[in-house]
Amino acid sequence: MTTLLDVKNLWVKFPTRNGIFDAVRGVSFSLGKERLGIVGESGSGKSMTGRAILQLIRKPGMIEADHIALQGQNLLNLSEKQMRSVRGKQISMVMQDPKFSLNPVLTVGDQIVEAYRLHNKASKAEARAKALEMLEAVSIRDPERVMKAYPHEMSGGMGQRIMIAMMLIPNPEILIADEPTSALDVSVQGQVLSIMDRLVKERGMGLIFISHDLNLVSQFCDRVLIMYAGRVVEVCQADKLHEAKHPYTQGLLGSLPKFDAPRPRLEVLNRDPAWREAPSVESTS
Amino acid sequence: MSNALKIKDLNVYFGDHHDLFQAVKSASFTVEKGSSFGLVGESGSGKSTILKALTGLAPQWEGEMTVAGQQLGLKRDRSFYKTVQMVFQDPYASLHPRQSVDQVLSETLKLHGFSDINDRIEALLKDVGLGPAFRFRYPHQLSGGQRQRVAIARALASEPQILLLDEPTSALDVSVQAEILNLLSDLRAEHGLTFVMVSHDLAVVSHMCDQTAVMRNGEIVEIISIEDMRAGKTAHDYTSQLLHASVNRVA
């Protein structure tokens, strides 16, 4: 498999009054043309890992790594200006909540057209046609009307599809999706995921799917990294997640209420301090 | 067995004359004493609105609501809040940021006319699995799960018979969710409580409840026992769709 992205020994640090806090501690993985899931609880560093790849960590946060190589090019050596052309064009990111991630004062059409024209030399008419095509690709029934609408006129599921359209229109090689369906109802989640899956497959992109939802990840991804306290504690094939070896992964799985297997009590996770100290597991792909 | 709660032909409205919106359309259900009843549905289906109408937070309603044999009018008196208490979804928003756990609980206890406040606070904290060390902490010094425990302690302060739970664990991690759900089951067994639980997560509702109402667009489409639901014996198509979507997450 060709490697699109290779991350080696990634650290994200935040200086605090009580010394430096390490949000991500020595994470390494590589991504090919696949769906890679990153799961963990809140505060495990999964979102920070995604943001660090795009250098979207706000100051005074610091990113350190041996390398973050996008097809051989180390992103850490790029200037902020060069980084801007990487974001969107080569790697783009879908955020959790469309309510906070779309610009409320621009129409949906203007935002998608802007995303396209930022990275491609195209006339307005050309970009508009492209945007309409993209909205259709994400299964929006009446793209003409949606182009003229403002984000607040859209439902959550529509908003999320619009965001996916906007992120895919520059045709990036890698899509990072940070909890893209957590704010949506289960029935809408399925639609949004299948749209994302189809587009990613058609275009041969790599997908990093960040989520707290173990069941979802095990059904949707090819490979999963499980993070705990800023480290990767286990890497496994998504369909073999239920055979996971690490006690943390097993504990997480055990704490889920199961629809088809009722139990009087749920298992409670007993956190072992050793999990925090153990070194990150390397992913092998 | 007697009924803890009975709702008949409940309609709830929001807004005024020209843009009146009917959020709940002639909903009827009964909850037996000591049982646990679920309300499931997508966002906007009206499930939380029913709880709001019950507690008096949505004043524009018509129909019949009976709680512990008492028919409800427009006003709720103190004895109602001694019988019924609510736990809200977001423990980050439902606790006053500048009141310590002690203040939150003692104010509630004072309002309900208890005099042995000191002992009761200790007992309540013990009930929800928090040590006495948590008594003088502020919400920002607590994790999400600990905050939800405080919110549950506050709801238990008046020694209610019925707890209304509005998505009590959807803001929490799965491992913390397990702790809170276990705590709620224990408390129900210990105090003989009746639960009405709103959730969008069928797995959570099937773990906690005996029976559930499935809601869509303000209407109850089906009331079904959890055993029937597990066996796939659904009467309405929408219930089967919802079941399918929550088992096969990727369409």
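## Exercises on a two-chain predicted model

Helix α1 (residues 47-55) of chain B lies across β1, β2 and β4 (61-67) of chain B, at about 75 degrees to β2(B). Helices (H or I, at least four residues) and strands (E, at least two) are DSSP runs, numbered from the N terminus. Axes are lines fitted to C-alpha atoms, for helices over the stretch in contact, and angles run from 0 to 180 degrees between N-to-C directions. Residues are in contact if their C-beta atoms, placed from the backbone, lie within 7 Å.

This is a predicted model, in which local features need pLDDT of at least 70, side-chain atom pairs count only at pLDDT 80 or more, and totals for chains, interfaces and linings use all residues. Residues are numbered from 1 along each chain as its sequence is written, and chains are lettered from A and ligands numbered from 1 in the order in which they are written.

**Exercise 1.** State the strand order of the open sheet of four strands in chain B, and find its edge strands.

*Solution.*
1. The order is β2-β1-β4-β5, with antiparallel pairing; two strands pair if DSSP finds at least two bridges between them.
2. β2 (21-32) and β5 (70-71) of chain B each pair on one side only, and are the edge strands.
3. β1 (residues 3-14) of chain B pairs with β2(B) over eight bridges. Within this pairing, N3(B) has E32(B) as its bridge partner.

**Exercise 2.** Describe how β1 (residues 5-16) and β2 (residues 19-31) of chain A pair.

*Solution.*
1. The pairing is antiparallel, over 10 bridges.
2. A hairpin of two residues joins β1(A) to β2(A).
3. F14(A) is bridged to F21(A) in β2(A).

**Exercise 3.** Which elements of chain B give two or more residues to the side that touches chain A?

*Solution.*
1. The contact takes 25 residues from chain B and 29 residues from chain A.
2. The elements are α6 (174-191), α7 (202-208) and α9 (237-247) of chain B.
3. The largest share, seven residues, comes from α6(B).

**Exercise 4.** Classify the packing of helix α8 (residues 186-202) of chain A against α9(B).

*Solution.*
1. The angle is about 55 degrees and the axes are 8 Å apart.
2. Angles under 35 degrees count as roughly parallel, over 145 as roughly antiparallel, 65 to 115 as roughly perpendicular and the rest as oblique.
3. The two helices α8(A) and α9(B) are therefore oblique to each other.
4. V186(A), S187(A) and G190(A) of α8(A) meet Q241(B), L242(B), A245(B) and S246(B) of α9(B).

Notes: Contact = placed C-beta atoms within 7 Å.
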